[in-house]
Amino acid sequence: MDITITYLGHSSFKVSDSHSSLVIDPYEDGSVPGLSFPKGVEANKVLVSHEHADHNATSYVSLIPQPDFDIEVSSIDCFHDDKHGALRGPNKIHILKIEDTTLVHLGDLGHDLDEEVIKKLGDVTILFAPINGHFTLGSEAIFSLYQKINPKIIIPMHYYRKDDGSGYPDDNEIDKFLSHFKSDSVLKVDKSFNLESVPKDTKVIIF
């Protein structure tokens, strides 16, 4: 299995196998404090969780036609808030399947998920989860959801990064989230990793 995940900033990632690639939630320059979307990003498809500028900049990705695209993509409709979208509108959860590997990107999820939706996610290998706590669910709510979904690995996103001051301010959500895990189960990587290279005891990946 040749799956590579590249962090593009905020909630945006590129997911590639040996044949196909896609980008999730590219953001407009200036929409996320301290961040500009990387130049020259190419992919076969672009997925958008919702129509906010920090998630829907599809024109920033150069599309490369791929007639034999082999990443299976499906989605589940949900909301950006806990008021059925009245505050911030709809949101989509994207489910990616590459052979026997399932990756789930929660977008800007703003509410808990019921058992029926969790069943639809299946056996999740990697869960991309927002932890901002204002625009999305916070670290404690996401940890609770992590326990229900039980992915092999979770990748926090959409949080304030103290190292470079980027992202929307939050209440130190990343440290709160990591406090639930042993330090030796947290893997810190630079910009990308290949899934085969991840140690078996890894529970959290931090970019």
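Visitor: What volume does the largest cavity have?

Guide: The largest cavity has a volume of about 50 Å³. Bear in mind that this is a predicted model.

Visitor: How do you know where empty space is left?

Guide: A probe the size of a water molecule is rolled over the atoms, and that shows where space is left empty.

Visitor: Which residues line the largest cavity?

Guide: Tyr-7, His-10 and Leu-35 are part of the lining. Met-157, His-158, Tyr-159 and Arg-161 also line the cavity, and so do Ser-166 and Gly-167. By class, four are nonpolar, four polar and one charged.

Visitor: How much space lies in the second largest pocket?

Guide: The second largest pocket holds about 190 Å³ of space. Its lining includes Tyr-159, Tyr-160, Arg-161, Lys-162 and Asp-163. Ile-174, Asp-175 and Leu-178 are there too, along with Lys-188, Ile-206 and Phe-207. Six of the lining residues are nonpolar, none is polar and five are charged.

Visitor: Which helix gives the most to that lining?

Guide: That is helix H3, residues 173–178, with three residues.

Visitor: Now Ser-12. Why is Ser-12 called buried?

Guide: Buried means under 20% relative accessible area. Ser-12 has 0% relative accessibility, so Ser-12 counts as buried.

Visitor: Where does Ser-12 sit, and what does its side chain reach?

Guide: Ser-12 is in strand E2, residues 12–16. Its side chain reaches the backbone oxygen of Asp-25 at 3.4 Å.

Visitor: What makes that a polar contact?

Guide: The cut-off for the pair of N or O atoms is within 3.5 Å. The distance here is 3.4 Å. The pair passes. Leaving aside neighbours within four places in sequence, Ser-12 is in contact with several residues, among them Thr-6, Tyr-7, Val-23, Asp-25 and Phe-37.

Visitor: Is Asp-25 buried or exposed?

Guide: Asp-25 has a relative accessible area of 0%, so it is buried. Asp-25 lies in the loop between strand E3 (21–24) and strand E4 (42–43). Its phi is near 55°, a positive value in a residue other than glycine.

Visitor: What about His-84: buried or exposed?

Guide: Exposed means over 50%. His-84 has 66% relative accessibility, so His-84 counts as exposed. His-84 also has a positive phi of about 55°, although it is not a glycine. Its place is in the loop between strand E7 (72–79) and strand E8 (90–98).

Visitor: Why is Pro-67 called exposed?

Guide: Pro-67 counts as exposed because its relative accessibility is 77%, and the cut-off is over 50%. Pro-67 is in the loop between strand E6 (62–63) and E7.

Visitor: What joins E3 to strand E5?

Guide: Three bridges do, and these strands run parallel. Strand E5 covers residues 45–47. There, the bridge partner of Val-23 is Val-46.

Visitor: What makes strand E10 mostly covered?

Guide: Five of its five residues are buried. Ile-126, Phe-128 and Pro-130 point one way, and Leu-127 and Ala-129 the other way. Take Leu-127: at 1% relative accessibility, against a cut-off of under 20%, it counts as buried.

Visitor: Which residue in E10 is the bridge partner of Val-104?

Guide: Leu-127 is. Strand E9 (residues 101–105) and E10 pair in the parallel sense over three bridges. Beyond its neighbours within four places in sequence, Leu-127 is in contact with residues including Val-104, Leu-106, Ile-149 and Pro-151.

Note on methods: Residues numbered from 1 in each chain as written. Predicted model: local features only at pLDDT ≥ 70, side-chain atom pairs only at ≥ 80, totals over all residues. Heavy atoms only, no water. 1 Å grid on protein atoms, 1.4 Å probe; cavity = no way out; pocket = protein on both sides within 12 Å on 5 of 7 lines; lining within 4 Å. Points joined across faces, edges and corners; volume = space filled by probe spheres on them. Helix = DSSP H or I, 4+ residues; strand = E, 2+ residues; numbered from the N terminus. Nonpolar A, V, L, I, M, F, W, Y, C, P; charged D, E, K, R; others polar. Buried < 20%, exposed > 50% of the residue type's maximum accessible area, 1.4 Å probe, protein only. Polar contact = N/O pair within 3.5 Å; in protein donor to acceptor, adjacent residues only side chain to side chain. Contact = heavy atoms within 4.5 Å. Pairing = 2+ DSSP bridges.
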